[in-house]
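Please look through the structure below and follow the briefing that comes after it, topic by topic.

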Amino acid sequence: MKVRLASNLQADSIVDGEGIRAVVWMQGCSHNCKGCHNPQTHDFNGGFIADTEDIKKGISELKLVNGITLSGGDPMFQVEPSLDIAKYCHQLGLNVWCYTGYTFEQLLKIAEKNPKMLELLNELDVLVDGRFVLEKKSLNAHFRGSTNQRIIDVPQSLKLNKAVCVKKYELKNNEDKKGEGLYI
Ligand code: SF4
């Protein structure tokens with residue numbers, strides 16, 4: 001299956017989720033957050049076309065990887081290839097994180113009309129959601145750029161139909177508690 005990427009598979013990130021992770025950098029994003037770190041990933045005609053079979057092969061050959069992270073860009077603009085990769089990673093026993101500029105609630109709305117989106121959500125373990133907000137930029141926020149972004153336990157959230165955030169990543173000053181979401 002074709003997918004548009006911003007760069008080749010990254011084998012060894014420790015900043016894009018828990019543990020040592022491979023990162024799939026998707027091309028294309030229209031959220032246009034002020035201060036975005038990856039503006040080169042916005043253009044839906046930029047980057048290059050790859051095949052998910054090659055990405056899956058690359059992932060299968062990696063050693064010492066805890067999981068994979070779908071990032072970009074916004075992987076939610078390429079639902080089917082994201083789903084293809086996420087499914088395969090679960091078959092390998094790897095956990096799957098995904099970054100998106102959409103909120104969990106917005107994705108649920110999209111999923112009402114797009115069954116593939118629901119399928120994709122069902123293949124995610126953790127979703128880091130929401131646009132990057134420059135005014136809320138924080139260096140203390142684990143694995144995210146701004147405090148409005150949430151680190152969401154997706155299986156729990158789908159079960160309860162409400163965003164459930166991962167307790168251990170709660171900010172000490174409760175800045176991110178101002179957002180919606182339970183903490184577990
Ligand atoms: S969602 Fe992410 S990639 Fe897209 S503009 Fe915002 S920070 Fe940049």
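Is Met-117 buried or exposed? Met-117 is buried, as 21 other C-beta atoms lie within 10 Å, where buried stands for 20 or more other C-beta atoms within 10 Å of a residue's own, exposed for 12 or fewer and partly exposed for anything in between, with C-beta atoms placed from the backbone. The model is a predicted one, in which local features need pLDDT of at least 70 and side-chain atom pairs count only at pLDDT 80 or more, while totals for chains, interfaces and linings use all residues. Residue numbers start from 1 along each chain, in the order in which its sequence is written.

**The chain as a whole**

- The secondary structure of the chain consists of five helices and ten strands, which are DSSP runs numbered from the N terminus, with H or I over at least four residues for helices and E over at least two for strands.
- The radius of gyration is 15 Å, close to the 16 Å that the globule rule gives for 184 residues, so the chain is as compact as a globular protein of that length; the radius is taken over C-alpha atoms, and the rule is 2.2 Å times the number of residues to the power 0.38.
- Taken along the principal axes, the box filled by the C-alpha atoms is roughly 45 × 35 × 35 Å, and 41% of the 184 residues count as buried.
- Among contacts between residues at least 6 apart in sequence, 66% join residues at least 24 apart, a contact being two residues whose C-beta atoms, placed from the backbone, lie within 7 Å.

**Helices α3 and α4**

- Helix α3 (residues 104–113) packs against helix α4 (residues 115–122) at an angle of about 130°, with the axes 5 Å apart; axes are lines fitted to C-alpha atoms over the stretch in contact, and angles run from 0 to 180 degrees between N-to-C directions.
- That angle makes α3 oblique to α4, because angles under 35 degrees count as roughly parallel, over 145 as roughly antiparallel, 65 to 115 as roughly perpendicular and the rest as oblique.
- Leu-107, Ile-110 and Ala-111 of α3 meet Met-117, Leu-118 and Leu-121 of α4 in this contact, whose residues divide into six nonpolar, no polar and no charged.
- Met-117, found in helix α4, touches Val-79, Leu-107, Ile-110 and Ala-111 when residues up to four places away in sequence are not counted.
- Phe-104 lies in helix α3 and counts as buried, with 22 C-beta neighbours inside 10 Å.
- Leaving out residues up to four places away in sequence, Phe-104 touches Leu-127, Asp-129, Ile-152, Ser-157 and Ala-163.

**Backbone details in loops**

- The peptide bond from Gly-72 to Gly-73 is cis, with omega near 15°, and Gly-73 is found in the loop between β5 (67–71) and α2 (79–91).
- Asn-161, in the loop between α5 (154–160) and β9 (164–165), has a positive phi near 55° although it is a residue other than glycine, and it is exposed, with 9 other C-beta atoms within 10 Å.

**Around the ligand**

- Of the 13 residues around the ligand, Cys-29, Cys-33, Cys-36, Gly-101 and Phe-132 come nearest, where a residue is near if its C-beta atom, placed from the backbone, lies within 6 Å.
- The shell around the ligand has four nonpolar, seven polar and two charged residues; Ala, Val, Leu, Ile, Met, Phe, Trp, Tyr, Cys and Pro count as nonpolar, Asp, Glu, Lys and Arg as charged, and the others, Gly among them, as polar.
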